[in-house]
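Here's a quick tour of a fold, from the overall layout down to the core. Have the coordinates open as you read.

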Amino acid sequence: MDVTVTPLPGLGTQQDFTTRSGHRIGVITYRDGRFELIVSGHEDPDKVAASVALTTEETSALANLLGAPQLVAQLTEQQREVAGITTWQLGVAPGSPYDGRELGETEMRTRTSTSIVAVVRGGTAHPSPRPDFRFAAGDLVVVVGTAAGLRAAAEILERG
């Protein structure tokens with residue numbers, strides 16, 4: 001399944017795919033942390049037929065209903081196939097300076113040019129975590145970026 005990622009300058013990103021019936025289904029992730037589920041009609045895949053604003057809790061519940069752990073695994077596999085892009089799963093160890101702190105405090109993207117695409121906690125995936133997502137010891141953090149960026153991300157989660 002091909003997932004298209006479209007930057008929406010000043011707004012966020014849109015990730016979508018086309019179903020066998022010709023509908024486009026996707027999620028808009030806004031920079032402020034909001035999410036919107038979108039569906040197009042099959043007659044015009046560029047025209048949104050329905051959209052539903054979702055809270056972070058609703059987004060997480062929907063992701064779990066759809067099998068978020070499998071989605072994270074699929075994303076990891078897809079990213080492995082892109083030259084120059086690597087996916088790592090990093091742990092938040094007890095004693096990490098970010099145990100109990102918010103993702104935004106890491107300034108991960110600014111400091112390393114990597115992206116945290118999901119956090120898995122207790123077998124439940126939290127895709128596209130917002131900056132106010134609070135890490136906990138034992139979290140598995142799925143990070144995408146260059147090899148150098150991922151090493152820097154690991155260093156940040158370990159030592160700050």
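The chain has four helices and nine strands, taken as DSSP runs numbered from the N terminus (H or I, at least four residues, for helices; E, at least two, for strands). From the N terminus on, the order is β-β-β-β-β-α-α-β-α-β-β-β-α. Keep in mind that this is a predicted model, where local features need pLDDT of at least 70, side-chain atom pairs count only at pLDDT 80 or more, and totals for chains, interfaces and linings use all residues. Residues are numbered from 1 along each chain as its sequence is written, and side-chain values use heavy atoms, with hydrogens and water left out.

Now the sheet. Five strands make an open, antiparallel sheet in the order β1-β2-β3-β4-β5; strands pair if DSSP finds at least two bridges between them. β1 and β5 each have a single partner strand, so one side of each lacks a neighbour in the sheet. β4 and β5 pair over seven bridges, and Leu37 has Val52 in β5 as its bridge partner.

| Strand | Residues |
|---|---|
| β1 | 4-8 |
| β4 | 35-41 |
| β5 | 44-54 |

On to the core. The largest nonpolar core has 16 residues, meaning buried Ala, Val, Leu, Ile, Met, Phe, Trp, Tyr and Cys joined through side-chain atoms within 4.5 Å; buried is under 20% relative accessible area (1.4 Å probe, protein chains only). α4 (147-159) is one of the elements giving two or more residues to this core, and α4 gives the most, with five. Ile116 is among the residues with the most contacts inside the core. Not counting residues up to four places away in sequence, Ile116 touches Leu103, Met108, Pro129, Phe135, Val141, Val142 and Val143, a contact being heavy atoms within 4.5 Å.

Key. Buried < 20%, exposed > 50% of the residue type's maximum accessible area, 1.4 Å probe, protein only.
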